[in-house]
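Let's take a friendly look at this structure together. Keep the 3D view open as you read.

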Amino acid sequence: MSEVLVIGGAGYIGSHVVKDLLAAGFKVKVYDNLSTGHKCNLFKEAEFVKGDILDFATLDKAMSDVSAVVFLAAKKAVGESMENPAKYALNNINGTVNVLNAMSKNNVKAIVFSSSAAVYGNPQYIPIDENHPLNPLNFYGFTKVETERMLEWYDRLKGIKYASLRYFNAAGYDEAGDIKGKDENPQNLLPIVMSAAMGERPYLEVFGTDYDTEDGTCIRDYIHVSDLAKAHVLAVKKLLAGSSSMTLNLGTGKGTSVKEVIRAFEKVLKIKLPVKYASRRPGDPDKLYASNEEAFKQLGWRPQYLDIEDIVRTFAAVYMK
Ligand code: WQD
């Protein structure tokens, strides 16, 4: 049985990936510094190593008998990356160098990497496919582009095969309720709507109602975290079977507006949300959604959650406990 090292496996997306890898029969080792991950997200069937990606010795030791790495550990707050680039350079770039060097040293030849739609910047066309130019608008997105470039070089020079998975807007929670820890990232729309629904904030602000969209609010591609997790398992299997490297968008291919998200919450929770219409947030493109054809071609992956209400339901279930 192949062993997979999931770096960042106690985090929001990582814990869902661990669940699916275990279900697929892999031996799993989680590596996490628990800075944003949760102990309650750990599965007893998976070994746990508490460690930081900046600590090469611990990482090197954890890598000793693994066949593949899923690398999710990273800083991910876009706004913070513009205020504190050093933190992002250190964790996201130096951290990647350590992971790739530890892999080289231990002869690990497969890595699935958490990339992001943030690599594209303002869309020149939609749906965005993988050939769209890379023009990140923030330092966070830049760190993802740089990591992708590093992956290309370690493939050429060290024969490490990669699957770089560019997530669109990750959302929702495991439907079975096996993942208990909430993502501590209130900066994204869905957790913000949820906190307004729970009275934790007085109202929800909608950033801009004059966009070039049907209802005037921005359109995004909300992809369920369990669908993301499935793609990781397929990518690990494909790389272990000897595939060449790949870069894939993970999105539904469907756009949902901010107003549609709000309506979905109101319908699912049977409440009226306190909403304030505010001005645009700088740097927000009006429409952003993925072409996911390449992920289907390469992995046979199709997302299951296509209705925002279903995503909201899985979200609410975790928060309302
Ligand atoms: C979604 C929509 C906002 C909050 C970011 C990163 C991206 C990726 C996912 C990691 C936008 C609107 C939001 C609010 C609002 N991250 N909004 N009121 O900006 O699409 O993507 O997260 O890889 O890189 O940039 O997501 O959730 O911040 O916003 O009206 O209080 O909701 O303007 O249109 P975004 P988001």
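**Rings and a parallel sheet**

The structure holds 8 aromatic pairs (rings of Phe, Tyr and Trp, its six-membered ring, with centres within 6.5 Å; planes under 30 degrees apart are stacked, over 60 edge-to-face, the rest tilted). This is a predicted model, where local features need pLDDT of at least 70, side-chain atom pairs count only at pLDDT 80 or more, and totals for chains, interfaces and linings use all residues. Residues are numbered from 1 along each chain as its sequence is written, and side-chain values use heavy atoms, leaving out hydrogens and water.

**Aromatic rings**

- Phenylalanine 265 and phenylalanine 315 have ring centres 6.3 Å apart and planes at 80°, so they form an edge-to-face pair.
- Phenylalanine 265 is buried, at 0% relative accessibility (buried means under 20% relative accessible area, exposed over 50%, partly exposed in between; 1.4 Å probe, protein chains only).
- Phenylalanine 315 is buried too, with a relative accessible area of 3%.
- Ring pairs also link Tyr12, Tyr173, Phe265, Phe315 and Tyr319 into a cluster.

**The sheet**

- An open sheet is built from 7 strands in the order β3-β2-β1-β4-β5-β6-β11, with parallel pairing (strands are DSSP runs of E, at least two residues, numbered from the N terminus; two strands pair if DSSP finds at least two bridges between them).
- β3 (47-50) and β11 (246-250) are at the edges with a single partner strand each, so one side of each has no neighbour in the sheet.
- Strand β6 (residues 161-167) runs parallel to β11, and 5 bridges join them.
- Arginine 166 has asparagine 249 in β11 as its bridge partner.

Methods: Helices (H or I, at least four residues) and strands (E, at least two) are DSSP runs, numbered from the N terminus.
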